[in-house]
Structures are given as structure tokens and as C-alpha cells.
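Walk me through this protein model. Start with one residue and what surrounds it, then widen the view to the chain.

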Amino acid sequence: MMIQTRLQSVATSSPSVTYRMRSSASTSHLRQLRSRHHFSIVLQGQYGCRSLHQGRQKYWTSAGSGRPLLTTGCALLGVLAITGVVLYTSRATHLDARVPPSTRTLLSANVPTHRSSQNDTIDTALRHNERTVIPPLESGVCRYDIVRLSSNEPVEDTHKEAVLPVSSGYWSLFGIYDGHSGWETSTWLADNLIPAVVGALGDLYSRIADATKPSENTTPQPISSDVEKTLKETFSRLDDDIVNGRLEAVFSTRSKHAAVNLLAPAYAGSCALLSFYDSHSCLLHTALTGDSRAVLGRQIYDASDKPTGKYSVHILTADQTGYNPSERERIESEHPDEQPVRNGRVLGMGVSRAFGDARFKWSREVQDRLKREYLGRTPLAAVKTPPYLTAEPEVTSIAVRPGDFLVLASDGLWECLTSEEVVGLVGLWKEARSKRSRGEEPNGGAPLASPEIPVERQEEDQTVRYRQWGAEKRFVSVDENAATHLLRNALGGADTDLTAALLSMKAPRSRTYRDDMTITVVFFTGDDRRGHS
């Protein structure tokens with residue numbers, strides 16, 4: 001079990017950043033903005049600069065790679081003087097015997113007692129890449145849990161999260177990047193997508209603030225459609241940088257080595273799932289490119305305003321594949337003289353939207369030249385009128401109510417569990433954790449079947465993995481980390497022999513039976529229940 005350490009702001013006089021901002025904001029505008037609204041954000045990566053609010057000395061962030069982060073501070077839109085550096089002071093701390101007992105009790109009180117050697121091996125494998133982060137209470141997020149399990153070698157999934165202080169409260173961003181045909185695109189997105197999105201949102205909020213009269217004592221808030229437009233434009237811009245932005249550099253050199261490395265994120269591909277929560281508006285905006293999924297769970301109350309112990313399921317995304325009728329219609333309308341979608345696949349691709357995958361986006365002329373001069377891949381014969389894939393996301397918005405929770409995961413989880421099962425399992429985890437805190441054993445330790453978990457039943461079970469494994473779903477609750485709890489139940493649950501078998505297989509054989517899985521579970525604060533009905 002790991003708990004993320006805090007980040008401290010450290011002054012510097014000579015920072016160095018790589019930053020590209022497409023903004024029409026002027027220096028005078030920014031000075032007025034900071035004077036009137038004291039608006040500031042924190043960014044990192046190729047597409048972001050960082051600015052720390054004078055009154056905020058700490059913020060929390062975590063990275064899928066687990067590497068130390070060194071970030072630099074500068075003004076919101078890159079035109080004010082650089083003010084500080086944020087330094088990740090240490091790696092996330094393993095909660096072992098060196099950590100004070102109170103910390104271990106809080107975050108790693110994993111169920112107890114008589115564990116066989118096989119169970120210990122399972123626990124070690126499932127919990128190896130788990131992490132729990134406790135952000136500031138004012139962020140509106142009381143906790144988030146993360147876990148990642150590889151099947152591919154190297155792993156193609158990754159994730160990135162950030163909880164950032166702004167003048168109106170906090171922005172929280174959670175990203176999952178499910179790569180395919182390599183790890184390069186997903187890793188690039190983990191480094192660049194959140195910084196780019198925060199920079200673009202900063203531009204948006206700045207424009208709203210500039211239009212607010214100085215006498216108005218209000219915090220500027222864009223409407224959801226403006227946030228949606230900003231997310232779509234940012235996703236599309238980054239994909240253009242991946243696919244087309246590097247071609248000029250490649251064609252200006254004769255170096256095959258440079259070309260291969262520059263174009264690696266373009267030849268590989270990745271889905272991207274990003275949720276953005278604004279603590280001031282309590283709105284959660286979720287953008288999806290690909291077939292990852294986000295669901296929100298919400299406590300159900302009865303007529304007397306008491307919790308029923310069950311949860312409703314709000315599916316925030318729609319899988320973007322050739323099986324999705326709207327996606328199929330969109331693609332076929334763009335290529336009316338072809339049949340690009342067959343058996344739910346787009347020219348053989350499992351997703352209909354993705355970053356990278358440039359072989360489905362470059363013209364034949366470009367691909368022929370890359371093949372001829374730069375060790376490029378052979379052009380696909382079926383690619384006649386590209387592009388066939390897009391990275392523009394579909395975006396949804398929902399008002400978060402206290403006590404809600406959010407689950408984001410790559411498609412490896414959803415091949416095993418339905419949306420209802422995932423929400424019900426988190427509800428089961430919450431109940432079990434509450435009982436353990438009172439010294440009780442949840443459900444007497446007995447496994448539960450799918451119909452017994454606390455959720456409204458809606459969705460027919462169309463998941464494929466348990467049928468492939470020839471097994472029944474039997475669920476347990478033995479983990480302190482909610483994401484690991486989902487991972488365990490996706491891979492056998494109470495059937496430890498099945499779980500051990502699945503975990504013992506190595507790549508490439510393992511990929512036949514399970515995909516990479518990355519899961520993030522976000523718990524929103526529950527101090528009141530505004531309008532829960």
C-alpha cells in the first residue's frame with residue numbers, strides 16, 4: 001500500500017520550462033485578472049507552465065509512473081514572471097514496518113488473519129501498484145484510490161492525477177490512458193494531457209473573468225458547453241501534434257534514428273479518459289476518446305430520507321467502438337463509398353476514436369515517403385480516404401452530490417465486470433470498511449454472488465472474461481484500497497485458484513486471458529446531501 005506525499009513550493013530564480021500556449025490574453029489583462037480575481041493554477045509537462053497562488057503553499061498530485069516530479073512555476077498564461085517551483089519531495093512511501101502504526105491502521109488494515117501462501121502471493125501481485133491519496137478536504141475529494149496491473153510487457157496502460165488549488169477552490173483531474181500497439185502514446189499523454197487541459201481551462205476562465213465587471217463580487221464560471229468545447233479542442237490539438245506536428249521535423253532530417261523516435265507516439269495509439277471536477281461549481285466533466293469507461297455511484301434514499309444501502313449507477317461515457325451505432329453511422333457517413341466498419345471494428349481496429357494510430361490518419365503519400373526513407377510501416381491497403389479515427393472526445397457533465405463516488409478504468413476491467421457490478425462492489429467495500437472499523441466481520445466473511453451486491457440492477461451482463469474462464473462470479477471484500485478491491489473481484493474474487501492462475505501467466509500468453517487494467521476510484525466528500533432526491 002502506498003500513500004502519496006505532499007508537494008512543497010520552493011522558490012527559484014532560474015527555472016527552465018518548455019511551454020507552448022495558444023492564447024490571445026495580454027500581459028495587462030493577466031495583471032488585471034490576478035488583481036481582481038487572484039486566479040492561479042498549477043501545470044506541468046510540455047504543454048503547461050505553473051503558477052502557485054500566493055496563499056497556497058501545498059498541493060497534491062500523483063503520477064502513474066511513480067517517478068519524482070520536478071515542476072516549475074510561472075504565470076498562468078506564460079507571460080508573467082516565473083514565481084516558484086513545486087518539488088515532489090520524496091517518492092510515495094510504502095506502508096511497511098517503518099511507517100508509524102497509526103498510518104498503517106488508517107490505510108493498510110487489509111483483512112486479517114489466516115492467509116495461505118497462495119493468498120499471500122495473490123495479495124502481493126494485486127497490491128504491488130496500488131496507491132491511496134488523501135487530498136485537502138476543501139478540494140471536495142476526500143480520497144482517491146489507484147491500482148494498475150499489467151498483462152502486456154511492457155505495460156501499455158498508465159494514469160495521471162492532479163489536485164490543484166485555484167482562487168475559487170480546487171480543480172481535480174483524473175486521467176487514464178489505455179495504450180495499444182505500444183506504450184509510447186499513452187506515456188506521452190500521461191505527461192502532456194492534463195497540463196494542456198489545465199492551460200486551456202485557464203484561458204477559458206480568464207476570458208470569463210475578463211468579462212466580469214470589477215464591481216461584481218462573484219467567481220467567474222463558464223457554462224458546461226464552453227468546458228466541453230475546450231476539452232474537445234485540446235484533445236484534438238494534442239492529437240494533431242502527435243500525428244502531424246513531428247512530420248516537419250522528420251522530413252527536415254535524413255536521420256532514420258531521429259525519425260523512429262519522433263514518430264513512436266504516432267505509430268502507437270491510446271485511448272484517453274479524463275475527468276475534471278471543479279469544487280466551486282461541484283460539476284464533474286468527463287471526456288472520453290476510446291473505450292475506457294467512467295461511472296458514478298450515488299446513494300439511494302427512501303421516502304423518509306434515509307439511505308437504503310443501495311446505489312444508483314450513472315454511466316458517464318459510451319464505449320467508442322464499431323459496435324456503437326452512433327459511431328458506426330458517423331464513420332460510414334464520412335466514408336460513404338467504403339465499408340470501414342465490419343464486425344464492430346474499424347479497419348480492424350477495436351476502437352473508433354484514439355490518439356496516435358497515424359496509419360489510419362496519414363495520407364498515402366506521407367506513408368509511402370516514411371516507408372521509403374525512414375523505416376516507416378507498410379501502408380494499409382484498406383486505408384484509402386483517411387482519417388478514419390479521431391481523437392475528439394465525447395464530453396458529459398454531471399453535478400456531484402456529497403457522498404458520490406467515481407470509478408474510471410481502462411477496458412480491461414469492463415471486460416470482467418458490468419457498470420452495475422462495479423458500483424455495487426464499491427458500495428460493498430464501503431459497507432465492509434465501516435463494519436471493520438466497528439470490529440465486525442463483513443457478511444461473516446462469506447462471498448457474495450452478483451445479485452447480492454448493493455446496487456440497482458439495470459444492465460444485462462455482457463462481459464466476456466468470466467465466460468471465457470468458465471467461472472461464476474463470487475465477490476469478496478478483503479482490501480483496504482477500493483481500486484484493488486475491484487481488481488481482485490474482476491480476476492476471480494472468491495475463486496482464489498482462478499485468480500492465482502490468471503496472475504501466474506506472463507506475457508504474451510497472459511494477454512489472451514486478461515488485459516492491462518488501470519482503475520481509479522474517487523470519493524467525494526459527504527458532509528451534507530444537497531438535493532439528493
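Where does asparagine 152 sit in the chain? It is found in a loop. On one side of that loop is β8, spanning 141-149. On the other is β9, spanning 157-166.

Is asparagine 152 buried or exposed? Asparagine 152 is buried, because its relative accessible area is 14% and the cut-off for buried is under 20%.

Now the whole chain. It has 533 residues, and 56% of them count as buried. Its secondary structure comprises 15 helices and 22 strands. The accessible surface comes to about 22,700 Å². Carbon and sulfur atoms account for 50% of that surface.

Last, confidence. The average pLDDT of the chain is 81. A score of at least 70 is reached by 75% of the residues. Two stretches need care. Over residues 48-114, pLDDT stays under 50, and the model has 204 contacts beyond four places in sequence for them. Over residues 528-533, pLDDT also stays under 50, with twelve such contacts in the model. Where pLDDT is low, predicted coordinates should not be read in detail.

Methods: Residues numbered from 1 in each chain as written. Predicted model: local features only at pLDDT ≥ 70, side-chain atom pairs only at ≥ 80, totals over all residues. Heavy atoms only, no water. Helix = DSSP H or I, 4+ residues; strand = E, 2+ residues; numbered from the N terminus. Buried < 20%, exposed > 50% of the residue type's maximum accessible area, 1.4 Å probe, protein only. Areas by Shrake-Rupley, 256 points an atom, 1.4 Å probe, with all protein chains shown as cover. pLDDT = per-residue confidence, 0-100. Contact = heavy atoms within 4.5 Å.
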